[in-house]
Amino acid sequence: MVSNKKDNVLAVLSLSGGNDGLNTVIPFNNGLYRDFRPNLGIPEEQIIPLKDPATGKETGYGFHPSMGPLIRFWEEGKMAIFLGIGYPNPSYSHFRSMDIWHTCEPDKIGNEGWLGQAIKELDPSAENVLTGVNFGRGLPRALAKEGVPVASVGDLETYGLLTGIQGEDQRTEALDVFGRMYSPTIGSGYALDYIRRTGTDALKGADILATAPGMYSSNVEYSATAVGQYMKNIAQTHLAGFGTRVLYTTSPYNGFDTHASQAQAHSGLWTDVSANVETFIDDLRGHDAMDNVTLLMFSEFGRRVGDNGSGTDHGAASVAFAIGEHVKGGFYGDYPSLDQDKLIEGGNLEHNMDFREVYSTILEDWLHIDPVPIAGNFTKVNFL
Amino acid sequence: MSTHLFGLTDRTFSYSHSVGRNEFAGTGFRNPVDMALGADDIVYVINRAYENRPDGVRVTVCTLNEEYVTEFGSYGEGDGQFIWPSSIALDKDENIYISDEWLNRITVFDSNGEFVSKWGEQGSAQGQLDGPAGLAISGSSIYVSDSRNNRVQKFSLDGQFESSFGESGDGSGQFNMPWGIGLDSSGNIYVTDWRNDRIQQFDQSGKWQATFGTPGTAVGQFNRPNSVSVDKDGDIYVSDWLNDRIQVLAPDGRFITQLTGDHMLSQWGKDKMISNPDMIRQRQLAITHSSDFDKNFSHPTAVKVNTDGQVVVLDSTRGRLQIYTKNTEPVLI
Amino acid sequence: MANNDIALMTHLLRRAGFGASRAEVESRAAQGYESTVEELLNPNDHPGIEEDLLFRYQPAYNEPAAIETNVQQWMYYMINNPRQLQEKVALFWHMIFCAGHSKIDSGQEMGLMIKMFRENGMGNFRDLLMLLSTSPGMIYYLDNSESHKTAVNENYGRELLELFSMGVGKDEEFNYSEDDVKACARAFTGWNIAPSYPPFPYGRSAWEFRFDPADHDESDKTFLGQTGNWNGEDILDMVCGQPATARFVARHLYNYFVADEVPVPSWRQTPPKDPELIEALEAAYFESNYDITAMLRVLFNSESFKNARYTKVKNPAEMVVSTLRLVGDHQDIKPGLFEISQEPKYMGMDLMNPPTVEGWHTGHEWIDSGTLVERINFASDYLGQTNLPGVKGIVDRLMSEGETISPKQFVDGCLDLVGQLQVTDETYGELVSHAEREGDLTHKSDTEQQDFVRRSGEMLQMIAATSEYQFG
């Protein structure tokens, strides 16, 4: 199973709930920012200014104060920031908007995920059951496609079949029995045969994945949070060399949905994400395994321009990030205007970069597959 | 709204304003189940929220003038945490007592919301609890409606059993899952006998005195009443939960009037709308279609009165308080 | 009690509900098969959920707003509603009349739609189609709110015919033309939704149907060969009188309650698996003037149904709910239902959010390597919990079989008590040889009893992990 060839790998961290782009990459020179954020504006002295990595000149934008660990990657020129990313006629529903990002279908209800389709292209006959792996329970629609096996791993340390059986010997024995019970039979009917074949595959995949934590050693420490655990699991799986090309995870469900008490909540969220992304990259670099990885971070939408007293409600365009050794650092797209007459429905940032432009770039320039059938016909963003 | 005229002694009420909005943290409430009125217009609201939003389980402290003060408590089984918080009461020093129907305990906080102590254990023996639902404090004692044991127990404030009354049934002095408890100025005890759809009055010793109400939707009838308060005139206020109304009864139990809700946007509500301009339009269109939805109570879970003649209704599903004033003089409307 | 009566009753309760404890099976078997069928078919004669208690402990379930709360509430109903067939039928219609939260973006509307299926799903099919066509959630989901006299959106008109009533074709013929679709869509112009309160700041109001005569196309339309100024109700009358509709409803009932059929898009070319039963269901449809209960009566009393045991792959909701009913968990109102309500999603069935209007792919397509792991781990986790009342009951019964039981008796007993599960010889052989490793089972001393309980839990876990347990 161990692949020697260093195929490019995509890791995705989905920031579930709608990240407040305006308080993530802050346009602190824009007076309107203060007007719209009387309660949630970040004091200027706390904002981490983003200087042009090449010239060292102020850009007028800055990170939220809790994003300190990420500034390194920006300064190294390894971080692309997509400003004003979104899609036309934005949906303010978490589910619908996330589905749109998952399926690239803003107009009709799509069934197939962009990465499910990508995995199908990367491994057409599903030779490797681990070409795509999701961390977290339940498969995000981004990875869904019929006939594409994608394991959804709640926790890599305990992943497997019959995990409820106490005692290592008992479980080994049970898995033995399981293996025999699922050995192929002839003439038991199509459905039963199919289930047994699937069970055998599942056991095989679980057996392989179960070896990853044992092979892993590292001197970095991830946080004891869900994001920390998942980023660690992504690193473990990548370092195990199973030939996994797409590694996907989602921050705790709707965590970024900061309708109230945002000041505290948003800081906590970015402290967690920033620390664990930094650890992840350090971990991979320490193992000389970062070179073929690009990490994408996005959220289904941003938030309202104006705060509601203590939080912000569902909005439209936001920011997204890509980090990797082959990423050309810098801003892509323009920061959406905060002028009242440029806001959608009087309160939302209008996108100026379609997320499918970023997807197309990743598909074609990183995974080397034709983006058009998956994402549609979009201009690429030259960040890879 | 009174169905018949009894004369000048009858009370009328005017809607004053609303406080709050639906919110899982900070300036709002989520599935609030009870509240307590403290000094200086402070109100403590306990939020049950729901399982997949444990962040919403908390006590919100704000004022009746809609100033946010703080919040405390969280979801869990540890000290100072709740699973199913159900009722709140204050002692004379404004220490805060909160019952938990799942954990079968009473948790005590100081007036700053710091955990002080907890007491109570599950069971049906004397002094044990099975679903503590309502609380009321009288001097150095606390009454607890012990719902699944169908009784009211009296404890010292530190949880020493003192006495109890009531048993399962539908006769006088019997209960079917009692919930709220209110006290009048003479120390009489009023209990919402929840599944019997009635209010029972007991004297200080727990001796049954009167029963008000029968199941139904007519005036003076109840559908799962859950909270009862008595004002300084002896008028009795009952949140008639599944009838979506507050009923006001005279001290003898006679029906005086009912409140069904008169809500107007609160300041926190306005703040929320201003940052969501599309919803301002949507709301306006909805009001032209039907204004009742916005005004009416939805599953009110508590009603409390203060000495200023304010009647505060915890309008649960809408996540807000509707505040009324009791008129001392007739009001021309 | 004859073993076959028990097996038949277990089968009925598994199909017309979400399974039952052995004690309930036995009391129902004593009541008799036909009498039990009648009880299931007349849910309103019997008490349902005690909503006052549910709302007291779970206030968010009263007028539930969030999608998660709506799914949790439904899960509670599926596990605990004594009117089990109502819940099974609600799920049936949800899998055919598909609308999903990802577009509707109102958990409340999804909950109200399921409630409508629960309360009306066993009634008259024409009435049900009327409720569906006036369901604000469906109107929005299928864009009828965007269909105007001057600019017709055909989505609802098409799906009503294709997916909700007639089906594309039968016996290799097509049931309707593209012109019929257009006429149908025109007849439903003006069927729209009144303005409703937004979610902020106090929560949404329930959406309401509103007919706008000014936006309704009043001109003549030719539908299925008949010309007139048809409104939506006329269309429903015509649709319900079609043999195609009788066939379509009959095949769906068969596919859900009797045995897995080929996927719906193949129905035009592929004849029914059991033409005789389908014919009987079609006859019941017309004789009863489109009464679903009448069709179900024929279905449950048919020999085909009675013999179709363990022929269907359980859908994820059935897997979760029937396992919980077997082990006796969540039968009281208690915390933990959120996690439970997510389980079907992990198994590929995001309740109240089907992937598209065509619904989920059923039968063996429920299973892939990811969902199978979830199914096996869920079922075996619960069946291994020997402190749960249902599992404890199984262990007690096993012990009552004698002072000493052989490994074979033990396996037979376990298979019997998880619902008379039928397994292949190979599986049976593996289970017996697994049991034989530790020999006979006794339960005299405390140690023996503990061993007995432990081994029972392990055996039940193994049974829950079998390929056969995937069937219901």
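Visitor: What distance separates the centres of domain 1 of chain A and domain 2 of chain A?

Guide: In this predicted model, the two centres, taken over C-alpha atoms, are 37 Å apart. Domain 1 of chain A covers 9-155 + 220-375, and domain 2 of chain A covers 160-209.

Visitor: Which domains is chain C divided into?

Guide: Chain C has domain 1 (1-41), domain 2 (48-306) and domain 3 (389-470). The bounds come from an automatic or database domain assignment.

Visitor: How do you know that domain 1 of chain C is in contact with domain 3 of chain C, and which numbers of residues take part?

Guide: The centres of these two domains are separated by 23 Å, taken over C-alpha atoms. Eight residues from domain 1 of chain C and five residues from domain 3 of chain C make the contact. Contact requires heavy atoms within 4.5 Å. The area buried between the two domains is about 490 Å², and carbon and sulfur atoms give 35% of that area.

Visitor: Why is helix 1 of chain C called roughly perpendicular to helix 2 of chain C?

Guide: Helix 1 (residues 3-15) and helix 2 (residues 22-31) of chain C pack at an angle of about 110 degrees, with axes 9 Å apart. Angles of 65 to 115 degrees count as roughly perpendicular, so helix 1 of chain C is roughly perpendicular to helix 2 of chain C. Their crossing is right-handed.

Visitor: What makes up the contact of helix 1 of chain C with helix 2 of chain C?

Guide: From helix 1 come D5(C), I6(C), M9(C), T10(C) and L13(C), which meet R22(C), V25(C), E26(C), R28(C) and A29(C) of helix 2. By class, the contact has five nonpolar, one polar and four charged residues. Asp, Glu, Lys and Arg count as charged, and the residues named above include D5(C), R22(C), E26(C) and R28(C).

Visitor: Why is helix 14 of chain C called oblique to helix 16 of chain C?

Guide: The axes of helix 14 (residues 243-257) and helix 16 (residues 292-300) of chain C cross at roughly 50 degrees and come within 11 Å. Roughly parallel needs an angle under 35 degrees and roughly perpendicular needs 65 to 115, so this pair is oblique. The crossing is right-handed.

Visitor: Which residues of helix 14 and helix 16 of chain C meet?

Guide: A246(C), V249(C), A250(C), L253(C), Y254(C) and F257(C) in helix 14 meet I292(C), M295(C), L296(C), L299(C) and F300(C) in helix 16. The contact comprises eleven nonpolar, no polar and no charged residues. Tyr counts as nonpolar here, so Y254(C) falls in that class.

Visitor: What makes helix 14 of chain C oblique to helix 15 of chain C?

Guide: Helix 14 and helix 15 (residues 275-287) of chain C cross at roughly 125 degrees, and their axes come within 9 Å. Roughly perpendicular covers 65 to 115 degrees and roughly antiparallel lies over 145, so oblique is the term for this pair. This crossing is right-handed. Residues of helix 14 including R247(C) and R251(C) meet residues of helix 15, among them E282(C). By class, nine residues are nonpolar, one is polar and three are charged.

Visitor: How do you know that chain C touches chain B, and how many residues are in contact?

Guide: 36 residues of chain C are in contact with 50 residues of chain B. The two chains bury about 3600 Å² between them, with 59% of it on carbon and sulfur atoms. In chain C, the most area is lost to chain B by R56(C), Y197(C) and Y202(C), together 27% of what that side buries.

Methods. Residues are numbered from 1 along each chain as its sequence is written. Chains are lettered from A and ligands numbered from 1 in the order in which they are written. This is a predicted model: local features need pLDDT of at least 70, side-chain atom pairs count only at pLDDT 80 or more; totals for chains, interfaces and linings use all residues. Side-chain values use heavy atoms; hydrogens and water are left out. Axes are lines fitted to C-alpha atoms, for helices over the stretch in contact, and angles run from 0 to 180 degrees between N-to-C directions. Helices (H or I, at least four residues) and strands (E, at least two) are DSSP runs, numbered from the N terminus. A crossing is left-handed if the near helix is turned anticlockwise from the far one by less than a right angle, and right-handed if clockwise. Buried area is the accessible area (1.4 Å probe) that two parts lose on being put together, summed over both.
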